[in-house]
Amino acid sequence: MHPRLLFWIPALLRYALVLAASAGLWFFFGSNVALLAALLAVSLMVFLQLFYLNQLSEWLEHPDSSRLPDGWGAWTMIFSRLYRMRRGDEKNQAELTEWLARFRQAMHLLPDGVVIMDDVLFLEWCNPAAEKHLGLTLARDKGMRVTNLIRSPDFMDYIILGRYEQPLVLTLRERKLIVQIIPFENRRQILVTHDATETERIDMMRRDFIANASHELRTPLTVIIGFLEIASSQANLDPETRSAHLKLMTEQGHRMQNLVEDMLTLSRLESVDHPLRHDRVAMQPMLEQILQEAQALSNNRHQITLEVTAGDIKGNGDELRSAFVNLVSNAVRYTPDGGRIEMLWQETEQGPQFIVKDSGIGISAEHISRLTERFYRVDKSRSRQTQGTGLGLAIVKHVLLRHGAALLIESEAGVGSSFKVRLPPTARWNS
Ligand code: ADP
C-alpha cells in the first residue's frame, strides 16, 4: 500500500469513529452529551498531537536514535522513519570517524612530511614529520603564512617561480630535504617533504669510498707502470737495479692484492643475502694459529704472549678470525721493535672478550672515534709503510656488528693501545 494511504486511512478512520460514536450518543442521550463527548475526543486527539510534537522538538535538540519515542497513530510512522534516517546517519558518521582516525594514524606514521595550505600558503594542517622537517608546531603556527615559517631563500624562489612540477632540494636545519608543492582541490595546496639526509650520507660515503679506493689503487699502479716503462726503454739495466725494481713491483702488487681482498671482504660482510652462521668456533687452536702468524709478521722484533681462559663460542669462524687477525697485526705493525703485545681470551660477566694490548705508538684521543671509518688513518705514510690498507678496523667493526659484539678502544699516544672485543653472553657455545 502507498505510504500516504497508510497515513490517511487510519487517521480518517479514527475521525469517522469519533463521528459515529457522537451520532450514537446524540441518538440515545441527546445533542449535549454527544457534543461534549465529541469535544473530549477531539481535545484528546489534539493533546496527543501536541504531546508528540513536543517529543519531536525535544528529540530534535539531541537527535539520538536510541531516544526516539514509539508514538501513536501517524506518529508511529513518522518516528520510525526518523529512526531509520538517524541510524543511517549514525552509521555513516561512525564510518567517517573511523576513516578519519585511520587517516590521522597513517599521517602520524608517515615518514614524509605533509603540509596542507590554502591557495595563499596559509598553514591549515601538517603531520608530525612535517613539524620535524620544517621546524613547525601545528598548534602555534596554524593560520600563519608558510613563507614566514620556512625562512629559506631557495624556498622563496621556488614559490616565486611556481614551477611546482619539479621538486626542490632544500638544506634546512642540517637536513637535506626534497620538497614539492602539489595543488589540489580548487583553493588548496599540499607541501610534501622527504628527508634525504641518510640517502645523501650513504651516497657521499659511496663516493668517498670509490675516490679513496681509486686513489689507493692508483699509487701502486703508478709505481708498477713507472718501473715497467724503465724496463722497456732501458734494455740493458744492470741485474741489481732490475731485481730491486722487481722487488718493489712485487711489493706494490701485494699492496693492490691486499686492498682488493679487503674491499671484497667488506662488501661480502655488508651484503644482506649473507646471513650469519652459528658454527662452533674452537678458540684455543684459532688463537694459537693467530699467535704464530703474529710471530712470523713480527720476526722476533716483539715479545708476543697469549693467555686463553675462556671457552668456545658460536659464530662465523672465518669472520671472527679475520677480525682478530686484523687487531693483532695492527698491534705488531704499530709497535716499535722491542715492544710487548699481549693477547687475552677471557670470560667476564658480560660475556667472553678478546683483548689485544700493545706498548706501541698509541693513538691520541681525537682519532679514536674515527678509526673504524674506511681508509681512516692516523698517519698515512706509516700505514702504507707497514702494508696497511686502511680497511682493517672497518672490517673488524662489520664482523663485530654481525656478532652483536662491541669494540672498545683505549689508547694513549706514545704509551700503547688496548683493543677489546666484547661478545654477548649468548655467544658462549654452552649458552
Ligand atoms: P691500516 O691498514 O692503516 O692499519 P686499520 O683500519 O687497521 O688500517 O687502522 C686504522 C688506523 O688506526 C691505522 O692507520 C692506525 O693509524 C690506527 N691504528 C690501528 N691499530 C693501531 C694500534 N694498535 N696502535 C696504533 N694505531 C693503530
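Here is a short briefing on the fold, surface and core of this protein.

The model is predicted, so to speak of local features a pLDDT of at least 70 is needed, side-chain atom pairs count only at pLDDT 80 or more, and totals for chains, interfaces and linings use all residues. Residues are numbered from 1 along each chain as its sequence is written, and side-chain values use heavy atoms, leaving out hydrogens and water.

**Overall shape**
- The protein has 14 helices and 12 strands, counted as DSSP runs (H or I of at least four residues for helices, E of at least two for strands) numbered from the N terminus.
- Its radius of gyration is 43 Å, well over the 22 Å that the globule rule gives for 431 residues, so the protein is more spread out than a compact globule; the radius is taken over C-alpha atoms, and the rule is 2.2 Å times the number of residues to the power 0.38.
- Along the principal axes, the C-alpha atoms fill a box of roughly 155 × 65 × 40 Å.

**Burial**
- Of the 431 residues, 35% count as buried, meaning under 20% relative accessible area with a 1.4 Å probe and protein chains only.

**Nonpolar core**
- The largest nonpolar core has 45 residues, and Met283, Leu287, Phe324, Met343, Trp345, Phe354 and Val421 touch the most other members; such a core is a set of buried Ala, Val, Leu, Ile, Met, Phe, Trp, Tyr and Cys residues joined through side-chain atoms within 4.5 Å.
- Elements that each supply at least two residues of this core include α8 (197-233), α10 (283-298) and β9 (340-348).
- The biggest giver is α11, with 7 residues.

Definitions and conventions
Buried < 20%, exposed > 50% of the residue type's maximum accessible area, 1.4 Å probe, protein only.
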